[in-house]
Amino acid sequence: MRGSGEWQKTQRSDRLKRIEEYNKNPKLCKLCGKIIPYDKKENEFCNLKCSGLFNQPPKEIPNCLWCGNKVRSVRQKYCSVECSISHKLKLRAEKIINDGKSIGFEQIKVNLSMFK
Ligand SMILES: [Zn+2]
Ligand SMILES: [Zn+2]
């Protein structure tokens, strides 16, 4: 089997060359932007998690519980700190009212400068 070792060596360096070429202009994961390895260059994503997340329908951005504007991300309930505090104060005021104590929400003024 003379020569087969030589052949394997050429094959390997060809592959390394191709990988080197590929790495100069690699394919990037469509979701996270990571480089997709040469061996997986047929894939659109770096891993199954990314492809799964990408194929999920985008979640609807909810409205602010206080003012009704769209919030910035699906995890948020309020569009701003002010809205979050205003709503919490109102809930607290309502609770106090329900507990039979005479305090109206109108009496509570949110000092917005406190949060800047
Ligand atoms: Zn990815
Ligand atoms: Zn809001």
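I started with confidence: the mean pLDDT of the protein chain is 83, and 80% of its residues reach 70 or more. This is a predicted model, so I keep that in mind throughout. A reminder to myself: where pLDDT is low, the predicted coordinates should not be read in detail.

**Entry 1: overall layout**

I looked up the secondary structure next and found 3 helices and 0 strands. Read from the N terminus, the order is α-α-α. I then checked confidence element by element. Helix α1, residues 4-24, has the lowest mean pLDDT among the elements, at 86. Helix α3, residues 81-98, has the highest, at 90.

**Entry 2: burial and contacts across the chain**

How many of the 116 residues count as buried? I got 4% for the protein chain. I also looked at the contacts with a separation of 6 or more: residues 24 or more positions apart account for 11% of them.

**Entry 3: leucine 28**

I moved on to the loop between α1 and α2 (48-55), where leucine 28 lies. Leucine 28 has 13 other C-beta atoms within 10 Å, and is therefore partly exposed; the exposed class stops at 12 or fewer. Which residues does leucine 28 touch, not counting those up to four places away in sequence? I noted Gly33, Lys34, Ile35 and Ile36. I also took a distance to phenylalanine 45, which is 17 residues from leucine 28 along the chain: their C-alpha atoms are separated by 7.4 Å.

**Entry 4: proline 62**

My next stop was the loop between α2 and α3, which holds proline 62. Setting aside neighbours within four places in sequence, I found proline 62 in contact with Val71 and Val74. For valine 74 I also noted the C-alpha to C-alpha distance to proline 62, which is 6.2 Å across 12 residues of sequence.

**Entry 5: lysine 88**

I finished in helix α3, where lysine 88 lies; this is the helix with the highest mean pLDDT among the elements. Lysine 88 has 14 C-beta neighbours inside 10 Å, so I logged lysine 88 as partly exposed.

Note on methods: Residues are numbered from 1 along each chain as its sequence is written. Chains are lettered from A and ligands numbered from 1 in the order in which they are written. This is a predicted model: local features need pLDDT of at least 70, side-chain atom pairs count only at pLDDT 80 or more; totals for chains, interfaces and linings use all residues. Helices (H or I, at least four residues) and strands (E, at least two) are DSSP runs, numbered from the N terminus. A residue is buried if 20 or more other C-beta atoms lie within 10 Å of its own, exposed if 12 or fewer, and partly exposed in between; C-beta atoms are placed from the backbone. Two residues are in contact if their C-beta atoms, placed from the backbone, lie within 7 Å. pLDDT is the predictor's confidence in each residue, from 0 to 100.
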